[in-house]
Amino acid sequence: MNYLVLSLVFIVYFVMVAYVGYLAWKSTNSSEDFMVAGRKTHPYIMALSYGATFISTAAIVGFGGVAGKYGMGILWLAFLNILIGMFIAFVFFGKRTRRMGLNLNTLTFPEFLGRRFNSKFIQYFSGLLIFLAMPLYASVVLIGAARFMESSLLIDFNIALFILAIVICAYVFFGGLKGVMYTDALQGTIMFCGMLILLGFIYWVLGGVTEANTALTQMAHLYPADAIAEGGTGWTSYPAFGTPFWWNLSTTMILGVGIGALAQPQLAVRFMTVESDKELNRSLLIGAIFIAVMTGTAYIVGSLSNVYFYQNFGQIAIDYVGGNMDSIIPTFISTALPEWFVYIFLLSLLAAAMSTLSSQYHTQGTALGHDIIKVIRNRGKSDEYTQEDYENITSAEEDSDNPLSTTQIGILVAVVLSLVLGYVLPSSIVALGTSLFMGLCAAAFLPVYAAALFWKRSTKPGAIAGILSGTLTSLFLLVFVYKKTATGLGICQFLFGQPMLINTMPWYAMDVMIIAIPVSIIFTIVVSLLTQPMDEEFLDKAFEGIPKNKKD
């Protein structure tokens, strides 16, 4: 590897990132700029920022590695990413979120829920949940990028983790969401070009689309024995219905991430950064193409890497990398592709990690500074907001307490937490960690978020009941029922002398959100119907400019 060329490539890249971050810093003059990018973001920047935040090293390295071991069944996730994560999110959730967020003067996702239901408790509890849970997601994104630097650049894994965290922290700390979104657009462009080249290369080196897919199908007899034991049937076929592998792939990997994207706080806040619905419409097509290329390429390349490794080294991918799924994509890139492309893909992977991590650090920082500390400090005797809360967004210069300082402290804490977890988490954790976080967010927030947007009859007690029931149900199942987490944590073993409370199929293999989301929906609906409706005048203000449902 030519380290002089590599150094020049990296210098140019970081100069570009620094310049874009500087532009964002210069134009960040208020809390609104820092938290929602001034609400006037260009459609291209919004689309690339949304997509680059959505698709990270977790998708490329983590889920690409899952495809490398288990096959192309995970391509259904790419379909849901586009259908739910883009189309439904933008058309049905995004427009209402943008309008209602503007009506209620909200700057963050927890504040959006809190003000919609007139509950400071909802805001700081949601902020606390995000702040405590998101470090798991951030750490697995860090791990994915560091694994590639380890295998491609021969940099110590621990050093790579530290370097990545520090660089990303710098421009998030000073530039806020503008810094995040501007750099996302740059990084997303690099990611898109890199993945297009990778998709073309894998089919070129394997002799074409038909030849590559046929070769993979004919390797079914080499499919990993442990995957077969769990219900796998081959790299180009879906696992047997009802088996542990089927439940894990269908519920945790596909539904958990596909549906979970709707309730991701770092994605939902993007809808509040554009000026009108027209910008959202323009962003949708750009974002959908981006997501299709990014996810489809990662899953296809991960699966087809088995053909390459077997033809050249006599081993399937998972065996060649020593059993660590997170190393399949990085090892394939560094082994199969020309040296010049390793540089390009390394930049693509770093861009993916940096774009997602910057959003995660920003979200955690605003959760601690704006949604937890500031709300609790100013809570007073009432859990409800005052009229002044709804009408004012205080600028950074006008606020004597300087709310940006607590947010920036939150960013620093988030960086430290993700680093610590990155050092201690086990191998092959990237895809699972992503799925668990998204599933938890879906269970805690999705029913209440949907009710906030579409159901005027939902009430503050109903929303609180929905968030608490979804969260507690998820945590209980993760600790005592879901096999992968219950056995890893060991709490159930310690308390009850067995690894999990339910040892029969499909309960221990079913993703927690399959149970937790219906529980949250039931609590939200029932408690709302049993409690007094919210003030009609307030609801009219919140829903101003939003097309009425037929029931309204």
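1. Helices (H or I, at least four residues) and strands (E, at least two) are DSSP runs, numbered from the N terminus. Residues are numbered from 1 along each chain as its sequence is written. The model is predicted, with local features requiring pLDDT of at least 70 and side-chain atom pairs pLDDT 80 or more, while totals for chains, interfaces and linings use all residues; side-chain values use heavy atoms, without hydrogens or water.

2. Val 293 lies in helix H13. Its relative accessibility is 14%, so Val 293 counts as buried (buried is under 20% relative accessible area, exposed over 50%, partly exposed in between; 1.4 Å probe, protein chains only). Not counting residues up to four places away in sequence, Val 293 touches Phe 192, Met 195 and Leu 196, where contact means heavy atoms within 4.5 Å. Val 293 and Met 195 are 98 residues apart along the chain, yet their C-alpha atoms are separated by 7.0 Å.

3. Thr 297 is also placed in helix H13. With 1% relative accessibility, Thr 297 counts as buried. Neighbours within four places in sequence aside, Thr 297 is in contact with Met 195, Leu 198, Leu 199 and Ala 292.

4. Helix H5 (residues 75-103) has 29 residues and should span 42 Å at 1.5 Å a residue; its end C-alpha atoms are 39 Å apart, which agrees. The expected span is 1.5 Å times one less than the number of residues. Asn 105, which follows H5, has a positive phi, near 55 degrees.

5. Helix H3 (residues 43-54) has 12 residues and reaches 16 Å from its first C-alpha to its last, close to the 16 Å expected at 1.5 Å a residue. H3 is mostly covered, with 11 of its 12 residues buried. The buried residues include Pro 43, Met 46, Tyr 50 and Phe 54.

6. The structure holds 27 aromatic pairs. Rings of Phe, Tyr and Trp (its six-membered ring) pair if their centres lie within 6.5 Å; planes under 30 degrees apart count as stacked, over 60 as edge-to-face and the rest as tilted. Tyr 308 and Phe 332 are edge-to-face, because their ring centres are 5.4 Å apart and their planes are at 85 degrees. This pair links distant parts of the chain, 24 residues apart: Tyr 308 in helix H13 (residues 277-313) and Phe 332 in helix H15 (residues 328-336). Both Tyr 308 and Phe 332 are buried.

7. Phe 480 and Phe 496 also form an edge-to-face pair, at 5.8 Å centre to centre and 70 degrees between the planes. Phe 480 is in helix H20 (residues 460-480) and Phe 496 in helix H22 (residues 491-496), 16 residues apart. Phe 480 is buried, with a relative accessible area of 15%, whereas Phe 496 is partly exposed at 49%.

8. One aromatic cluster is formed by Phe 93, Phe 109, Phe 112, Phe 445, Tyr 449 and Phe 454. Elsewhere, the charged end of Arg 116 sits over the ring of Phe 117, 4.7 Å from its centre (NZ of Lys or CZ of Arg within 6 Å of the ring centre and within 35 degrees of the ring normal).

9. The structure holds 0 disulfides (pairs of cysteine sulfur atoms within 2.5 Å). Cys 193 counts as partly exposed at 43% relative accessibility, and Cys 441 as buried at 4%.
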